[in-house]
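Let's take a friendly walk through the salt bridges of this protein. Have the sequence and the 3D view at hand as you read.

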Amino acid sequence: MRHCINTTLRQLTRSFASQPLLPRLCLCPGRKSARITSVPAKAVFTRTMTTSSATQPSPVLAKPLKLSCVQLASGADKAANLAHARDKVLEAAQAGAKLVVLPECFNSPYGCDYFPSYAEILVPSPPSRGQSPSFHALSSMAAEAGVFLIGGSIPEASAEGDDSSSDKKKYYNTSLVFGPDGSLLASHRKLHLFDIDIPGKITFRESDVLSAGNKVTLVDLPGYGRIALAICYDVRFPELATIAARRGAFALVYPGAFNTTTGPLHWRLLAQARAVDNQCYVAFCSPARDMAASYHAWGHSLVVDPLAKVVVEADENEDIVSWELDGKFIEETRRNIPVSTQRRFDVYPDVSEGKIKFDEPGVPK
């Protein structure tokens with residue numbers, strides 16, 4: 001029997017003599033021993049499967065980038081909120097930040113009762129100073145600080161037809177992104193509206209007042225790479241993050257105002273989930289908590305690295321949290337755990353190749 005096995009293996013070896021060699025266990029007749037010889041690679045029969053082969057551009061982040069989340073305490077005075085935001089953006093820039101993030105609804109209190117009265121006209125763009133003092137304040141902050149600035153979000157008012165006709169107005173929760181020269185780079189209208197009902201805890205329905213946006217938002221930061229931008233409740237929908245990461249985003253940025261019910265449940269968990277799923281950085285920027293306000297924000301602005309480690313986190317008070325994002329760490333993570341090349345698109349679809357909207361008419365540009 002042993003002689004037959006070895007003879008068969010020798011015949012296979014000769015038939016693939018020109019192929020690369022792999023180790024083979026050979027039994028020695030009449031001896032209680034074995035030796036290792038070589039077998040051609042094509043003699044080893046393996047199961048083949050279709051996997052994802054596309055990889056992100058390398059490097060996904062061209063050079064290190066210091067990101068700062070400004071956990072801002074805002075009140076009812078819009079002008080005071082804008083002035084305070086300027087001070088904090090400059091403080092972050094002086095500490096070396098090149099990308100600064102403000103919280104959701106940083107220029108006003110957060111709540112359905114406040115959206116219409118604090119809303120500003122953003123379209124056509126650029127708006128006048130009278131139409132949108134926040135637009136011009138953010139543009140000036142970015143230029144003065146010399147940073148990329150994600151302006152958290154502000155309530156936006158637009159109208160079908162005559163802007164002065166209040167019964168035709170639509171309201172959005174909108175984030176504006178400005179470059180270091182003060183130019184508008186992108187805008188994102190909150191895609192998934194915060195409609196929840198947790199009995200005995202919190203009931204909130206943004207859709208009673210707000211309309212939803214209709215696109216995925218990717219923002220190119222010249223000299224660095226691409227980020228994705230979404231707002232608060234958008235983070236609960238992983239498709240947005242998956243699309244962004246597979247389209248080359250090195251960071252997912254979410255201005256958000258979770259509350260003291262949903263924050264302890266899912267704030268950290270969601271940030272880490274989006275990071276580990278997509279092997280990129282995730283940043284959450286919250287308002288500071290104000291127990292005298294009608295809505296109690298969770299706070300805890302944070303940054304998560306591509307291995308899903310929370311690398312920096314605030315408490316509930318006003319603060320600035322910063323971290324240097326490193327493209328080499330993204331590449332190392334993806335190389336060590338190469339899920340991007342192991343996906344089974346022969347078994348399930350690639351959501352990043354589906355019908356995706358990256359633009360919509362009537363958004364600020």
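Here is a short report on selected salt bridges and their surroundings.

This is a predicted model, in which local features need pLDDT of at least 70 and side-chain atom pairs count only at pLDDT 80 or more, while totals for chains, interfaces and linings use all residues. Residues are numbered from 1 along each chain as its sequence is written, and side-chain values use heavy atoms, with hydrogens and water left out.

A salt bridge here is a side-chain nitrogen of Lys or Arg within 4 Å of a carboxyl oxygen of Asp or Glu. The count by this rule is 16 salt bridges, including those in the table.

| Pair | N to O distance |
|---|---|
| Lys78 and Glu120 | 2.8 Å |
| Arg86 and Asp87 | 3.4 Å |
| Arg246 and Asp350 | 2.7 Å |

Start with Lys78 and Glu120, which meet in a salt bridge. Lys78 belongs to helix H2 (residues 78-94) and Glu120 to strand E5 (residues 120-121), so the pair links distant parts of the chain, 42 residues apart. Helices (H or I, at least four residues) and strands (E, at least two) are DSSP runs, numbered from the N terminus. Both Lys78 and Glu120 are buried, where buried means under 20% relative accessible area, exposed over 50%, and partly exposed in between (1.4 Å probe, protein chains only).

Next, Arg246 in helix H5 (residues 238-246) pairs with Asp350 in the segment after helix H7 (327-336), tying together parts 104 residues apart in sequence. Asp350 counts as buried because its relative accessibility is 18%, whereas Arg246, at 23%, counts as partly exposed.

Salt bridges with shared partners join Arg86, Asp87 and Glu144 into one network.
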